Amino acid sequence: MLKLNPQLILFDLDGTLYVSNQAIPGAVDALDRLREHGFQLRFLTNTTTKSQAQLVEQLRSLNFSLDTHELISAPVAAQLELQSMQKKAARTLRIWPVVADAIKKDFSEFEIGEISPDVVVLGDIGDRWDLDLINKLFNAIHGGAQLIALHKNRFWQTDDGLKADIGFFVAGLEYVCNMNARVMGKPNADFFQRVLDSVSVSARETMMVGDDIDSDVGGAQELGIKGCLVKTGKFRQGYYDQSTIKPDMVAESVVDFADRLLKA
Ligand SMILES: [Mg+2]
């Protein structure tokens, strides 16, 4: 029998609440019911191609109700990290943001420059990857810049099937520069801890719901947060079967999750 008593529920977005910008049927109602029962909700995403405001707007357009502060994206976490680094350095940091145009303005409080940056911030840039960029990044980091990766996902689901994610480039840069990136998104423990701190709820009172067994479930469990895997989005039975990660719950969808949690 499932023993769960969370106060805070963290939801992944893509593949969990919606797929290809279509809400999972019943998901809006399921979240409303959880709120009615007093659960606090937060929405976590590694998406690095949209600003916080755009992500909130996207969820609202699918009829999900949420406050802006309830959405914590990897770029939002990166800004907090940079602010903290800048405070420690007691000077303006020079940032080279290799990120989607939509979120570039989110880093406008920092000095922007590709020459001798203090920090390289790496996110999703679609098909703009090429060897010239990789070598520029290598030289910046080899020359002393720190690397902040907005996430390190292995692959993602698109309309055309699964595609390699930026974890490919982050891991490659770590290897050739012989260093470790600070990874902002899931499954990084710092990311989850920052979310818990912002709500003042402990890991044991928290549950993470997502379609990525590594990033959502594994990352959360590492910090003591219970993990529920949903069988929507990128879920693949074969990948789940061979994984060493054991979710605390496996649900058909976020609706099934809510039904079972409210029954428990
Ligand atoms: Mg997902």
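Predicted model: local features only at pLDDT ≥ 70, side-chain atom pairs only at ≥ 80, totals over all residues.
Ile213, Ser215, Asp216, Val217, Gly218, Gly219 and Ala220 are the buried residues of helix H8, where buried means under 20% relative accessible area, exposed over 50% and partly exposed in between, with a 1.4 Å probe and protein chains only. Helices (H or I, at least four residues) and strands (E, at least two) are DSSP runs, numbered from the N terminus. Residues are numbered from 1 along each chain as its sequence is written, and side-chain values use heavy atoms, with hydrogens and water left out.

**Helix H8 and its surroundings**

- Seven of the ten residues of H8 are buried, so the rest of the structure largely encloses this helix.
- Those buried residues pack against E1, helix H7 (189–199), E13, strand E14 (226–230) and helix H9 (237–242); contact here means heavy atoms within 4.5 Å.

**The magnesium site**

- Asp12 (OD), Asp14 (O) and Asp211 (OD) are the protein donors of the magnesium ion, lying 2.2 Å from it.
- Donors are N, O and S atoms within 2.8 Å of the metal (3.2 Å for Na, K and Ca), and since water is not among the atoms, sites may look incomplete.
- Along the chain, the donors follow the spacing D-x1-D-x196-D.
- Distant parts of the chain get linked this way: Asp14 sits in the loop between strand E1 (8–12) and strand E2 (18–19), while Asp211 sits in the loop between strand E13 (206–210) and helix H8 (213–222), 197 residues apart.
- Asp14 counts as partly exposed because its relative accessibility is 37%, whereas Asp211, at 5%, counts as buried.

**Asp212, in the E13–H8 loop**

- Asp212 lies in the loop between E13 and H8, and with 10% relative accessibility it counts as buried.
- Not counting residues up to four places away in sequence, Asp212 touches Val217, Leu229 and Lys234.
- Asp212 and Leu229 are 17 residues apart along the chain, and their C-alpha atoms are separated by 7.1 Å.

**How H5 meets H6**

- Helix H5 (residues 131–142) and helix H6 (residues 167–177) pack at an angle of about 50 degrees, and their axes are 10 Å apart.
- That angle makes H5 oblique to H6: under 35 degrees counts as roughly parallel, over 145 as roughly antiparallel, 65 to 115 as roughly perpendicular and the rest as oblique.
- For the axes, lines are fitted to C-alpha atoms, for helices over the stretch in contact, and angles run from 0 to 180 degrees between N-to-C directions.
- On the H5 side the contact is made by Ile134, Leu137, Phe138, Ile141 and His142, and on the H6 side by Phe169, Leu173, Val176 and Cys177.

- Ser73 has its place in strand E5 (residues 71–73) and is buried, with a relative accessible area of 1%.
- Neighbours within four places aside, Ser73 is in contact with Thr45, Thr47, Leu55 and Phe191.
- Pro6 is found in the segment before E1 and is buried too, at a relative accessible area of 8%.
- Pro6 and Glu205 are 199 residues apart in sequence but 4.4 Å apart in space, C-alpha to C-alpha.
- Leaving aside neighbours within four places in sequence, Pro6 is in contact with Phe39, Glu205, Thr206, Met207 and Leu261.
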